[in-house]
Amino acid sequence: MINKSYGLGLRSAYAEQLLTKNLDIDWLEIHAENYFNPHSYDYHLLKQIAEHSPISVHGVGLSLGSTDALSHTHLAKLKALIDDINPFIVSEHLSWSSVNGRFYNDLLPLPYTDECLQLFIEHVNQAQDYLGRQLLIENPSAYLSYHESHIHEPEFLNQLVAATGCGLLLDINNVYVSGHNLGWDNHQYFEQLNVDAVKEIHLAGYTEKQLDNKTVLIDSHNQKVHPQVWQLYRHFESRFSNSIPTLIEWDSDFPALEVLINEVNLAKAITTESAEVRSA
């Protein structure tokens with residue numbers, strides 16, 4: 001029997017349906033910053049949903065890779081949400097989004113250098129100490145790389161885990177998108193990564209854009225998981241693990257809820273197939 005759970009992103013478009021329908025979904029994930037106002041209607045729905053569904057909190061605004069100091073206001077709001085909802089997972093991103101106190105609405109990539117690694121370690125330690133719990137750090141989607149980077153992304157993440165005790169959120173769509181855009185080997189990425197530290201998996205859709213004569217993949221979260229990403233997920237499940245909680249992400253151009261349920265069912269089917277391969 002496979003001991004694995006599957007989740008969906010809790011978005012306003014589905015909140016009332018998720019509250020009233022008896023769906024076969026094991027848990028729900030929220031974007032932390034959407035619930036920083038405990039007096040909002042969305043927060044009211046979240047409290048009701050959290051009474052019967054485990055919640056994962058996924059932050060997008062800590063800017064752990066910025067040279068700016070961490071925002072204590074942001075940390076305080078995040079801690080208040082966590083203390084109230086009691087999520088089973090709290091995660092953030094391997095990225096930065098602020099400079100000199102000015103925030104950008106993007107999760108920007110980091111140069112993978114020793115200096116940047118040390119800064120990120122310090123910020124993850126500060127955040128975990130303040131929140132009193134482990135963070136999972138998600139691998140980013142990337143469209144460019146820095147000339148200064150000399151550490152491959154999985155090794156950067158491994159060193160981060162070793163220094164802080166954080167876990168990893170492995171976004172397999174991001175691995176595929178970055179692998180296409182930057183030209184790395186996705187299977188080799190998995191082989192180099194400390195898979196034992198992976199505590200959650202994300203799956204999502206991407207968009208293709210033409211830039212000059214090159215096709216660039218954009219991590220858009222607005223369509224079904226692509227067949228190539230399903231294939232990469234199948235490889236991961238067959239090679240490494242069938243027990244890591246897995247989430248279907250969809251953040252804009254929302255379809256009917258049944259479309260997302262079908263995506264969850266496809267993930268379940270692939271996990272079952274992969275478990276048979278591992279046990280053969």
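Biologist: How do you know where the axes of helix α2 and helix α3 lie relative to each other, in distance and angle?

Modeller: This is a predicted model, and in it the axes of α2 (residues 41–50) and α3 (residues 72–85) come within 11 Å and cross at roughly 35 degrees.

Biologist: Which residues of α2 and α3 meet?

Modeller: From α2 there are Y43, L46, K47 and A50, and they meet L81, D84 and I85 of α3. The residues of this contact divide into five nonpolar, no polar and two charged.

Biologist: Let's stay with α3. What makes its reach close to the expected one?

Modeller: Its 14 residues reach 20 Å from the first C-alpha to the last, and 20 Å is what 1.5 Å a residue leads you to expect.

Biologist: Which residues of α3 are buried, and why are they said to be on the same side?

Modeller: H74, L75, L78, L81, I82 and I85 are buried. They cover an arc of only 125 degrees around the axis, so they sit on the same side of α3. What covers them includes β2, α2, β3, β4 and α4. On the other side of α3, H72, T73 and D83 are exposed.

Biologist: And what comes just after α3?

Modeller: There, N86 takes a positive phi of about 55 degrees.

Biologist: Now for a loop residue. Why is S145 called exposed?

Modeller: Its relative accessible area is 55%, and exposed means over 50%, so S145 is exposed. You will find S145 in the loop between β7 (136–138) and α5 (153–164). S145 and N181 are 36 residues apart in sequence, with 9.5 Å between their C-alpha atoms.

Notes. Residues numbered from 1 in each chain as written. Predicted model: local features only at pLDDT ≥ 70, side-chain atom pairs only at ≥ 80, totals over all residues. Heavy atoms only, no water. Axes fitted to C-alpha atoms, helices over the stretch in contact; angles between N-to-C directions. Helix = DSSP H or I, 4+ residues; strand = E, 2+ residues; numbered from the N terminus. Contact = heavy atoms within 4.5 Å. Nonpolar A, V, L, I, M, F, W, Y, C, P; charged D, E, K, R; others polar. Buried < 20%, exposed > 50% of the residue type's maximum accessible area, 1.4 Å probe, protein only. Expected span 1.5 Å × (residues − 1). Arc of directions from axis to C-beta.
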